[in-house]
Amino acid sequence: SAGMDCFGGTVEHYEANVHTHTTVFEPQYYNAAFARRVKQECRVKVALVGGITDPAVCEQLIAEGSTDLVMLGRQLVADPDWPQKACEGRSEDIVPCLRCLNCYHIATEHENVQCSVNPRFRRENRVPLIPQPAAKRRRIVIVGGGPAGIQAALTADQRGHEVILIEKQSRLGGALKWASAGPFKEDLRRYWDYLLHQVRDSTIDVRLNETATPETVENLKPDALILALGAEPVQPRIEGAEHAVQALAVIENPKLAKRRCVIIGGGTIGCELGLELAESGHEVTIVEVSQQIYAQANHLTQTALFQHFERAESLHTLTGCACEQIGPDFVDVCDGSGQRQRLAADTVILATGMKARKSEAMAFYGICPETAMVGDCNRVAKILEATNEGYFLGATV
């Protein structure tokens, strides 16, 4: 139109907002095709916005004529130094935005606006740009190499402490192994790579394939001990539960899921796995005891998921239904009015939540006065809590 110098794109309407400000359910640079079409048909400059992360991709999109420039929003919340790092060719040091939208006020309850990967966001007066050097170098032992344990280790290392990070698996990452799997999780995979790169560039003493015990940790004589043991799946007391498989096992090995799947539990894991299975050709029914599925997600992420649910014809949900019995090829459920029905199932998947490994963590108390739990072993939460708790613990030991 007359007087317009540049065309971008944003909107406050929820159903449209999840396309201008994409969630994990849309591919990276989802809006590039739209920007290209506008640029071809209009005589104004075009700016691409929404989920911009990788400087190399930005360069490519501009060079091929898809857009005239890129605009950064959420990515600058995740890492305000993106432009400087991009100019210096340090893409591996850019903290990637997860497109979780927890920084966006209309996605949240307005009071809890935060960033999942940047603990300084909205706390610049309390969180220094560079962690304050420790007054005295101490030995910090961290048990568990998930995102909370890694963040605590990185922060303590930046402050000059001697940090020993013990992980029983062959690779750091913890629950990211499952959380970053599947077609919707490229952002989390990028964040996992970022964390691993930061650890490689640090002086942290990483000990993989080592199961920590109170005795082995005590022998290290730590000045402070951080426990990041994570969480484990809940095994519900349902008759016939031995016929079912845990959701994490299916995420790790999708071949375990046969054609007709019934998922018990409509939380984050159950809904995201259900959508993935439905979009890959399975017949899926999600059974949730409460009246709402995907209740833990923020408003915009819920909106995006529900849009995909509506388009997935082979995906069905039963809310307000309890699972009473699991058989070799069926699931019996009952709703709040007492009405029962039998669902045919080739695979029954348990997505009934996670529980903190608190009892395991408590066994390590008494080794040194400064002992604390962080991440999922304290309370099952999200990357946001893992990052923030890990940072503040690492900054105060």
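Gln60 is partly exposed, because its relative accessible area is 48%, where buried means under 20% relative accessible area, exposed over 50%, and partly exposed in between, computed with a 1.4 Å probe on protein chains only. This is a predicted model, in which local features need pLDDT of at least 70 and side-chain atom pairs count only at pLDDT 80 or more, while totals for chains, interfaces and linings use all residues. Residues are numbered from 1 along each chain as its sequence is written, and side-chain values use heavy atoms, with hydrogens and water left out.

**Gln60 and its place**
- Gln60 lies in helix H3, residues 55-63; helices (H or I, at least four residues) and strands (E, at least two) are DSSP runs, numbered from the N terminus.
- Between the C-alpha atoms of Gln60 and Ala135, which are 75 residues apart along the chain, the separation is 46 Å.

**Asp93**
- Asp93 sits in the loop between helix H5 (82-87) and strand S4 (139-143), and Asp93 counts as buried because its relative accessibility is 11%.
- The side chain of Asp93 makes a polar contact with the side chain of Gln198 at 3.0 Å; such a contact is a pair of N or O atoms within 3.5 Å, and within protein one must be able to donate a hydrogen and the other to accept it, while residues adjacent in sequence count only if both atoms are side-chain atoms.
- Leaving aside residues up to four places away in sequence, Asp93 touches Asp79, Lys85, Tyr194, His197, Gln198 and Asp201, where contact means heavy atoms within 4.5 Å.

**Nonpolar cores**
- The largest nonpolar core has 38 residues, and Ile226 is one of those with the most contacts inside it; a nonpolar core is a set of buried Ala, Val, Leu, Ile, Met, Phe, Trp, Tyr and Cys residues joined through side-chain atoms within 4.5 Å.
- Among the elements that give two or more residues to this core are helix H6 (147-158), strand S5 (162-166) and helix H8 (186-200), and H8 supplies the largest share, 7 residues.
- A second, separate core of 34 residues includes Tyr104, Ala107, Val250 and Phe309.

**The sheet**
- An open sheet is formed by 5 strands in the order S9-S16-S10-S11-S12, with parallel pairing; two strands pair if DSSP finds at least two bridges between them.
- Strand S9 (245-246) and strand S12 (315-319) stand at the edges, each with a single partner strand, so one side of each has no neighbour in the sheet.
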